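Welcome! Take a moment to turn the model around on your screen before reading on.

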Amino acid sequence: MSKAYYETLRLYGDRSVTTVTFLEGENAGKKQIFCGEKQVYSQIERAVVKENWWNLPPGVIDGPSGTAFVEHLGQAPVCVICGAGHVGIPVIKMAKLIGFEVVVIEDRPVFADKARNAGAARVFCDSFECALKQMEERQQVYFVVMTRGHRYDEECLSVILKKSYAYVGMMASRGRAARMKQNLIEKGFSEEAVSQIHMPIGLSIHARTSEEIGLSVVAQLISVKNGADSKNVYDWEILDSVINKSKKEPWILATIIKRQGSAPREIGTKMLITDMGTTVGTIGGGCMEAQVIREAMSFLRRRTENMENPMKILTIDLSGVDAENSGMVCGGRMEVLLEVVN
């Protein structure tokens with residue numbers, strides 16, 4: 001795969017795209033990218049593909065143009081935290097850990113510095129209203145409102161409810177939450193819009209400390225992000241590694257394209273394996289991942305001898321007896337696509 005493919009993914013990373021990887025025939029290993037119905041990248045002739053890939057379910061598809069692996073990639077999720085107080089800091093750290101781009105709005109310079117030190121990607125030290133109005137519109141934005149006072153919370157929500165978002169939640173007691181909802185309705189916001197606000201924020205886990213409350217908030221973000229309509233998001237660490245790749249030696253990109261049983265990760269999960277055997281990302285760890293790394297290194301060595309091999313599909317089965325003999329409490333079966341990254 002060329003850098004042009006990854007650079008196109010990066011270019012359209014703030015939108016929903018469909019990627020197609022052909023698995024057999026003369027187009028085996030070749031790729032296409034669609035943004036909506038528009039083809040934005042292709043390694044094959046446009047006339048070859050007649051399917052409306054963007055309307056098909058994700059996974060391995062048997063179509064007139066041959067078997068292909070289809071992925072629907074959503075926008076990279078952004079967590080916007082209004083307020084960097086005693087709960088905001090744990091939320092910053094945990095949201096970043098699970099893959100959110102974390103943006104913080106805080107009007108107090110000292111607290112804004114604490115947000116930067118906690119790992120926030122961007123920090124706006126400005127009034128909440130001004131900063132929110134300046135933010136670009138994106139669909140996969142998760143707003144977490146936990147300012148130092150409900151006057152500021154209401155100021156934030158009055159701007160947020162006019163924007164596109166995937167989630168909005170506010171930290172409050174049940175009594176405060178009820179009064180806030182009434183205030184927003186009196187301001188002219190619909191009951192439907194107000195009812196979408198998660199307040200009190202977070203899942204009920206009987207949290208007491210700041211860290212535990214932060215965990216309950218991030219757990220709710222995960223629950224919404226990974227809901228029924230969720231899409232995979234390309235691993236940006238892998239994307240950056242390939243785009244900034246300076247070594248001439250090829251690497252392997254491993255992608256789960258099928259899974260059964262209790263295989264640890266979902267279809268579309270990726271891992272980059274370098275020529276030295278180091279990895280970026282994970283497809284679940286344990287015996288399955290170790291076998292993928294071994295096969296990838298072997299494939300790289302054979303690739304040097306035979307440059308005609310564009311890819312390989314690896315089947316790993318640790319169900320039943322295999323899992324039991326490996327000392328595993330559960331097993332599964334998955335197919336992994338190995339592709340050379342030049």
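## About the model

This is a predicted model, in which local features need pLDDT of at least 70 and side-chain atom pairs count only at pLDDT 80 or more, while totals for chains, interfaces and linings use all residues. Residues are numbered from 1 along each chain as its sequence is written, and side-chain values use heavy atoms, with hydrogens and water left out.

## The whole chain

The chain contains 11 helices and 15 strands. Here helices (H or I, at least four residues) and strands (E, at least two) are DSSP runs, numbered from the N terminus. Of its 342 residues, 47% are buried. Buried means under 20% relative accessible area, exposed means over 50%, and partly exposed lies in between (1.4 Å probe, protein chains only).

Let us turn to contacts, meaning heavy atoms within 4.5 Å. Among the contacts with a separation of 6 or more, 57% are between residues 24 or more positions apart.

## Helix α2 and its two partners

Two packed helices are described by the angle between their axes and the distance between the axes. Axes are lines fitted to C-alpha atoms, for helices over the stretch in contact, and angles run from 0 to 180 degrees between N-to-C directions. Helix α2 (residues 88–97) packs against helix α8 (residues 210–225) at an angle of about 45°, and their axes are 8 Å apart. The two are therefore oblique to each other. Angles under 35 degrees count as roughly parallel, over 145 as roughly antiparallel, 65 to 115 as roughly perpendicular and the rest as oblique. From α2, the residues Pro90, Val91, Met94 and Ala95 meet Ser210, Glu211, Gly214, Leu215, Val217 and Val218 of α8. Sorted by class, this contact of α2 with α8 has 7 nonpolar, 2 polar and 1 charged residues. Ala, Val, Leu, Ile, Met, Phe, Trp, Tyr, Cys and Pro count as nonpolar, Asp, Glu, Lys and Arg as charged, and the others, Gly among them, as polar.

How do α2 and α3 cross, and within what distance do their axes come? The axes of α2 and α3 come within 9 Å and cross at roughly 25°. That makes α2 roughly parallel to α3. Ile89, Ile92 and Lys93 of α2 make the contact with Lys114, Ala115 and Ala118 of α3. By class, the contact of α2 with α3 has 4 nonpolar, no polar and 2 charged residues.

## The two sides of α3

In helix α3 (residues 109–118), the residues Ala112, Ala115 and Ala118 are buried. They cover an arc of only 120° around the axis, which puts them on the same side of α3. The arc is that of the directions from the helix axis to the C-beta atoms. The cover over these buried residues includes α2, β7 (101–105) and β8 (122–124).

On the face turned away from the buried side of α3 you will find the exposed residues Pro109, Val110 and Asn117. After α3 comes Gly119, with a positive phi near 115°.

Pro200 lies in the loop between α7 (191–195) and α8. A cis peptide bond joins Met199 to Pro200, with omega about 5°.

Which loop holds His206? His206 is also found between α7 and α8. Its phi is positive, about 60°, although His206 is not a glycine. His206 is exposed, with a relative accessible area of 72%.
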